[in-house]
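Subject: Two-chain model, structure and notes

Hello,

Here is the structure you were expecting. The notes on what was found in it follow directly below.

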Amino acid sequence: MAVDDRKVGVFMFLPAVAYIGLLIGAPLLLAVLYAFSDARIGTMGFHFVGLENFRSILQSPSFRAALRNSVVFTISAQIIVIVASSILSIALEPAFHGRWFVRLLILLPWVAPISLGAIGWKWILDSIYSVITWVLVWAHIFKPYGAPMWLGEPTLAMASVVLVHSWRLIPFSTVIMLAGRTSIPKEIPEAAAIDGAGFWRTEFLINIPMMMPIISVAVLFGTIFTFTDMTVVYILTAGGPFDSTQVLPSLAFATGIQGSDLAAGAAISLFLVPVLILIAYFMLRAAHRAEVA
Amino acid sequence: MAVVQIRNLTKVFKAGTLGAVNNINLETKEGEFLVLLGPSGSGKTTLLRMIAGLEAPTSGEILIGGTVVNNLTPRERGIAMVFQSYALYPHLSVRENIAFPLKAQKVPKEQHKPKVEWAAGLLGIEKLLDRKPRQLSGGERQRVALARAIVREPRVFLLDEPLSNLDAKLRTSAREELDEFHQRIKTTTIYVTHDQVEAMALGDRIVVLHQGQVRQIGTPQEVYDDPADTFVATFLGSPPMNLLETDDVIVGFRPERFLPAGLIAPWAPIDEVTKTLKPENLLPADLLGSGNRIPLRLLVEHSEYLGSERVLYGKLPETRFRDKPVCARVSSSVLETYTPNTTYDFAVPEHELKFFDAKTGKRIPPRPFPWQ
């Protein structure tokens, strides 16, 4: 007897539904519940408090600093990532000896566990053992003990966090950009060359506009990865010094888990959701428009 | 306008392998429409891309207007090229596509509009200027590509199979338009195609290429009627020339010159002719040229009726080539029908026989040929 295809379909689909429901849906729902309650670690009670948590975090200076840091962190990392991955994709597109090896090397930061990479960077940027400082002192650019504290001064710390996070995202973005570049028919840049366009004109008037849909996808993913990620910040600076690198996810973690205020932590992390949904909507619309046009 | 000269041009893609283009010498004439014709892999596109500057030659020289351009970029060569895929910029409107070469070559902005309109007018696409390439039909895209190519008035036009993406009907009209277009602008044009009909219809001269070498250069009539070797003889013409090989010589004749004996019997008594053929089928004997005819009896194995003509496939049972397939093309104004497995009296005028050296395939002067 033939089995009903629909039933089989539903049955085969169930594990995925269960996975998403249990591991993503349930925590999200719980976070929404917490955000509108007065939940704390160790208390069993649950009181609905409306928008009270949001009102209070908006008044908190550390939240506002974290929001500002998140925006700076995300936008600057995205700019660095897009520029660097564009350059890399241009360099890695033509065939040359050992191209696969270079591509592999560039992909490594993405494949390696982020905590491992970030710990490596923590040592590279360490106040005492930093290899960068050592080289700069050796080259007589700085005096011993007079070298900058990469993670200890607010501006430098932010720059370090941005750069390390960009380092991690560049491979992913490069792969997407390479795919976009390969999808441009070979004749198009050739036609541009014959029409008299040089390198910059071909890139900025032809290749990049043609890659716009795929660049928007790369930016969208990068933005979401950056906005919601705290690994690099947490490992390198833990938000310091003086909250100068605190971003929303790390603040949510510090408040909700380390500070036991689950409700405030949930409110901080949920604060991002509408923003991210808006960003996703506009990016996807831009990608779609570029594709149709 | 300029003359393109190619001197000993060679392109080897991978060292140690046969070159895509091997020691080619060519020279266009001023304002000429030169067609590079050859099967795929014959090196015609590679040759064109080297002229365009998209591919660097391994050795040899390319001259445009008397100057060696080997080390010049495509933009410095003053050429324009139309690609097989047209390579229109999909994100730009037709107007922006046509204006792109002007922009890229820093033509003053106030000249853009009149030039774009001039080029669009020349190709009748004024109404399409605000559309995007994806909103155009194949024929319209081809015209936009041509407009983009002429807008900066290049010295040489390079066209890479520009008609091959069009359907058969459109191709014929596009071919006529292209011909007319060339008559009007009179720019030296090099046109790559594998389609012999296009080559014959458009070319002032045809360069037949095979395995990266020039097999013959000549007017369409020269390459068709006087092929330099067996490759040219069989590559041009459909069905190709019949070739019959003996020990040291190959003889060839075109299927459409291999006709029912009555049609080419200048000396046959008129009543004999009228017995077998209706008078309206007769071609005047002097149209077919004078001279001897070689009578060959054709055993028809099967025939194809193509409307304007019949193609008969068969053998020559009464010659030494009895196993060799031959074919004949008979105009359908000859009303006679041909039954399979029946032998008919056919003949070929002696002056239509072409002789080739059996070893080299090269054309040789006529000589006695042992039919039996």
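Chain B is assigned two domains, domain 1 (4-231) and domain 2 (240-364); the bounds come from an automatic or database domain assignment. This is a predicted model, in which local features need pLDDT of at least 70 and side-chain atom pairs count only at pLDDT 80 or more, while totals for chains, interfaces and linings use all residues. Residues are numbered from 1 along each chain as its sequence is written, and chains are lettered from A and ligands numbered from 1 in the order in which they are written.

Domains of chain B

The centres of domain 1 and domain 2 of chain B, taken over C-alpha atoms, are 39 Å apart. Five residues of domain 1 of chain B are in contact with seven residues of domain 2 of chain B, where contact means that the C-beta atoms, placed from the backbone, lie within 7 Å. On the domain 1 side of chain B, the touching residues are three nonpolar, one polar and one charged. The classes are: Ala, Val, Leu, Ile, Met, Phe, Trp, Tyr, Cys and Pro nonpolar; Asp, Glu, Lys and Arg charged; the others, Gly among them, polar.

Overall figures

Chain B has nine helices and 19 strands, whereas chain A has 12 helices and zero strands. Helices (H or I, at least four residues) and strands (E, at least two) are DSSP runs, numbered from the N terminus. Along the principal axes, the C-alpha atoms of chain B fill a box of roughly 80 × 50 × 30 Å, and those of chain A span about 80 × 75 × 35 Å. Of the 372 residues in chain B, 40% are buried; for the 293 residues of chain A the figure is 33%. A residue is buried if 20 or more other C-beta atoms lie within 10 Å of its own, exposed if 12 or fewer, and partly exposed in between, with C-beta atoms placed from the backbone.

Contact between the chains

Chain B puts 18 residues into the contact and chain A puts in 15. On the chain B side, strand 6 (79-82) and helix 2 (94-104) each supply at least two residues. By class, this side of chain B has 13 nonpolar, three polar and two charged residues.

Sheets in chain B

An open, antiparallel sheet of four strands in chain B has the order 2-1-4-5. Strand 2 (21-27) and strand 5 (67-68) of chain B are at the edges with a single partner strand each, so one side of each has no neighbour in the sheet. Strand 1 (residues 4-11) and strand 4 (residues 59-64) of chain B are antiparallel and joined by five bridges; two strands pair if DSSP finds at least two bridges between them. Within this pair, B:Gln5 has B:Leu63 of strand 4 as its bridge partner. Helix 1 (residues 44-52) of chain B lies across strand 1, strand 2 and strand 4, at about 120° to strand 1 of chain B. Axes here are lines fitted to C-alpha atoms, for helices over the stretch in contact, and angles run from 0 to 180 degrees between N-to-C directions.

Elsewhere in chain B, strand 15 (residues 309-315) pairs with strand 16 in the antiparallel sense over six bridges. B:Glu309 is bridged to B:Ser331 of strand 16. Five of the six residues of strand 16 (residues 326-331) of chain B are buried.

Is B:Lys29 buried or exposed? B:Lys29 counts as exposed, because it has 12 C-beta neighbours inside 10 Å. B:Lys29 is in the loop between strand 2 and strand 3 (33-37) of chain B.

Nonpolar cores

A nonpolar core is a set of buried Ala, Val, Leu, Ile, Met, Phe, Trp, Tyr and Cys residues joined through C-beta atoms within 7 Å. In the largest, of 108 residues, B:Leu36, B:Ala147, B:Leu158 and B:Val207 touch the most other members. Helix 9 (residues 199-228) of chain A gives the most to this core, seven residues. A second, separate core of 37 residues includes A:Val162, A:Val232, A:Leu236 and A:Leu248.

Helix 11 of chain A

Eight of the 11 residues of helix 11 (residues 248-258) of chain A are buried, so this helix is largely enclosed by the rest of the structure. Among them are A:Leu248, A:Leu251 and A:Thr255. After helix 11 of chain A comes A:Ser260, with a positive phi near 65°.

Regards

Notes
Two residues are in contact if their C-beta atoms, placed from the backbone, lie within 7 Å.
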